[in-house]
Amino acid sequence: MIVDDSRTSQAILEAAFGSRPGFQIVGIAADAASGLDLVKRLAPDLVTLDLCMPYIDGAAFLEMLSGMKGLCKIVVSEQATKNITMASKLEALGASLCLSKRELSENHSAFLKKVSHACDQVAEASRQRIANAGLRPDRPRTAGPRPMPLSSSVRFGFPIPLDEKARLVALQRKRLANAVRERQFDLITRHAAEVTGFPVCLLTFIDENTQWVKSCFGYEAESGPRADAFCNHTIASGSLFVVQDARADQRFSSNPFVIGEPGFRTYAGQPIVSEEGTRLGAVCVLDTKVRLVTPLVTRQLATISDILGSMIDNRPALAA
């Protein structure tokens with residue numbers, strides 16, 4: 001599992017692990033709170049984590065994972081490899097290894113070899129601990145790659161934003177968690193599709209269990225299970241979220257909207273953020289073909305999300 005707030009770092013790690021047999025990514029989180037939730041749900045064998053993350057940093061995240069003795073925890077950060085004192089502190093908090101992002105980008109084969117060795121050491125220590133103390137394993141373990149869960153509702157769980165409670169209240173007050181079409185939003189999604197060149201554009205809002213499609217262009221939809229929503233990741237990350245090829249992405253390869261109709265492949269989403277900083281929803285473009293998400297597309301999405309954020313800020317709210 002990868003825990004890093006940088007989409008670039010996520011993508012580099014994802015590509016590196018995906019290129020080596022024996023590894024399987026079961027989840028990605030953009031912050032420590034979401035990461036802890038996914039660790040508890042998915043019980044991975046390995047977690048890579050960044051040090052600099054919003055709200056809760058990597059050191060605090062290691063402390064949160066301290067009770068999971070059979071979990072291999074690897075810090076991927078330039079700071080940790082350049083500062084011996086810091087590296088020692090992180091290892092005392094439970095880090096199995098500290099590696100640099102530069103090493104990952106320059107020689108991912110050597111990087112993965114070190115990761116494999118660290119995982120083997122943790123697994124062996126766990127077996128010895130159990131054998132010597134007569135303990136039962138505190139976490140389920142597997143000898144090989146973990147099989148993909150089949151149920152879409154628990155395929156990877158879904159990331160939960162740190163401001164979830166405030167977000168849900170704001171959606172209710174602004175009357176956004178529904179599929180009632182509004183002309184002002186329909187004009188925006190049509191324009192977004194036209195300027196980006198993507199055939200589909202959606203404006204979505206997600207409540208506790210449901211993704212609501214408030215406006216759509218190029219595809220008819222009203223709602224769906226939250227667990228199947230690409231936009232979960234966009235809202236949780238708080239920044240542009242791109243899936244280049246959903247069929248090749250383990251987070252989405254068994255998603256019903258990927259393996260079934262309409263067969264989406266490329267996704268690019270931008271969160272819609274209120275003036276107070278609450279991530280309310282997402283505007284996204286999709287295609288059933290694999291395609292490049294260009295800088296022009298990302299700039300257009302950023303501008304459109306800002307416009308939508310302002311529109312929602314000025315939208316009358318229900319009395320508290």
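Which residues is His 233 in contact with, once we leave aside its neighbours within four places in sequence? This is a predicted model, so please hear everything that follows as computed from it. With those neighbours left aside, the contacts of His 233 are Pro 159, Phe 241, Arg 251 and Phe 252. His 233 itself sits in helix H10, which covers residues 231-237, and because its relative accessible area is 14%, under the 20% cut-off, His 233 counts as buried.

Let me move to Ala 29, which belongs to strand S2, residues 28-29. Ala 29 is buried, its relative accessible area being 1%, and, again setting aside neighbours within four places in sequence, Ala 29 is in contact with Ile 2, Val 3, Asp 4, Gln 10, Ser 34, Gly 35 and Leu 38.

Finally, the cysteines. How many disulfides does the count come to? The count comes to zero. Cys 98 is in no disulfide, because the nearest cysteine sulfur, that of Cys 72, is 11 Å away, whereas the pair would have to lie within 2.5 Å. Cys 216 is likewise in no disulfide, and there the nearest cysteine sulfur, which belongs to Cys 201, is 9.5 Å away. As for accessibility, Cys 98 counts as buried at 13% relative accessibility, and Cys 216 is buried too, with a relative accessible area of 6%.

Methods: Residues are numbered from 1 along each chain as its sequence is written. This is a predicted model: local features need pLDDT of at least 70, side-chain atom pairs count only at pLDDT 80 or more; totals for chains, interfaces and linings use all residues. Side-chain values use heavy atoms; hydrogens and water are left out. Helices (H or I, at least four residues) and strands (E, at least two) are DSSP runs, numbered from the N terminus. Buried means under 20% relative accessible area, exposed over 50%, partly exposed in between (1.4 Å probe, protein chains only). Contact means heavy atoms within 4.5 Å.
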